[in-house]
Amino acid sequence: AQRVGQYILLDTSPVDVFAMDPITLRWVGMQLTVALDLGSRTITGLRLSHMSANSVDAALVVYETLSPSSRSHTSSGLMPYGGVPDTIFVADGESGQQEAGLPGTEIDTLVIDHGKMYMSEHLRGVCERLGISIQPARVLTSTDKAPVERLFRTIREDLLAALPGYKGPDVYSRGKNIEDTAFYFSHELEGLIRDWVVNRYHKRPHNGLSSPDIPGLRLTPAEMWDMLVAAGGNLRAPRRTDLVYDFLPVA
């Protein structure tokens, strides 16, 4: 990847933490869907779903990548946007607001696996309307999406393992009577993950990032994002208030 948004890796994984549904007050299993920019290793969108994620969850993660201020559950400001140049950007009444969130970018190619939610007609229709290419990963070839698979392990070891309600990846790692301990509601858990991404993951040196001009220099995802954005110019993308409807199923 030579620029931000050239390849966005989209994947879903179970979250090894029990959470409580704020409406039904029942214990629910959670699944985390993330969009990872391959060039900078930054997370451009994420969504925590009850039980099992579906094509709408995947589409809304893509929407957050294209419109980063759509979900603001973090305590830091936005990073530069990768879209069309500032010189032809026309701001509407809302675009000037700097809300908290993840960085955003236009998407050239979306790399997905062969799961039902990713190969659905709904998600493919969204990408077709927006001119986004879809590149399915090769079957039984884990290296095609290795960065996002490693990201899920980092989230589990660096954040989730220290939270109340952590159940571990298997029964041997599970604590005793974890349902009787403190817990988070599902929206609180998503907020914690977003804060961890912005304030820790994006600011910590990443072993997979380097600059060919300076051998041995270790870069953070935020620094690599700035380098790639600087190479392509300071970029934004226009957004309209009804853009989200393009990502929802037609009824």
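Val56 sits in helix H1, where helices (H or I, at least four residues) and strands (E, at least two) are DSSP runs numbered from the N terminus. The structure here is a predicted model, in which local features need pLDDT of at least 70, side-chain atom pairs count only at pLDDT 80 or more, and totals for chains, interfaces and linings use all residues. Residues are numbered from 1 along each chain as its sequence is written, and side-chain values use heavy atoms, with hydrogens and water left out.

With a relative accessible area of 23%, Val56 comes out as partly exposed; buried means under 20% relative accessible area, exposed over 50%, and partly exposed in between (1.4 Å probe, protein chains only). Setting aside residues up to four places away in sequence, Val56 touches His122, Leu248 and Pro249, contact being heavy atoms within 4.5 Å. Along the sequence Val56 and His122 are 66 residues apart, yet their C-alpha atoms are 7.8 Å apart in space.

His122 leads on to helix H2 (residues 121-130), in which His122, Leu123, Gly125, Val126 and Cys127 are buried. The buried residues of H2 pack against strand S1 (7-20), helix H1 (55-66), strand S5 (109-112) and strand S6 (133-136). Just past the end of H2, Gly131 has a positive phi of about 75°.

The loop between S5 and H2 holds Met117, which counts as buried at 13% relative accessibility. Leaving out residues up to four places away in sequence, Met117 touches Thr12, Thr33, Ala53, Asn54, Ser55, Ala58 and Leu123. One of these, Asn54, is 63 residues from Met117 in sequence but 5.2 Å away in space, C-alpha to C-alpha.

As for the whole protein chain, the secondary structure comes to five helices and eight strands, in the order β-β-β-α-β-β-α-β-α-β-α-α-β. Of its 251 residues, 47% count as buried. Among contacts between residues at least 6 apart in sequence, 68% join residues at least 24 apart.

Two strands are taken to pair if DSSP finds at least two bridges between them.

The S2-S3 hairpin has five residues between the strands, and Arg41 in the turn shows a positive phi of about 65°.

Of its 28 residues, Val15, Leu32, Ile43, Leu46, Leu160 and Leu189 touch the most other members. The elements giving two or more residues to this core are S1, strand S2 (27-37), strand S3 (43-50), H3 and helix H4 (186-199). Apart from it lies another core, of 22 residues, including Ala58, Val61, Leu123 and Ile132. Beyond its neighbours within four places in sequence, Val15 is in contact with Met30, Gln31, Leu32, Leu48, Leu160, Lys167 and Leu189.

Finally, the largest pocket. A pocket is an open set of points on a 1 Å grid over the protein atoms alone, with protein on both sides within 12 Å along at least five of seven lines; lining residues have an atom within 4 Å of a point. The lining of the largest pocket takes in 14 residues, of which Arg150, Thr154, Tyr201, Arg204 and His206 lie nearest its centre. Helix H3 (residues 146-158) gives the most to this lining, with six residues.

Technical notes:
1 Å grid on protein atoms, 1.4 Å probe; cavity = no way out; pocket = protein on both sides within 12 Å on 5 of 7 lines; lining within 4 Å. Core = buried A, V, L, I, M, F, W, Y, C linked by side-chain atoms within 4.5 Å.
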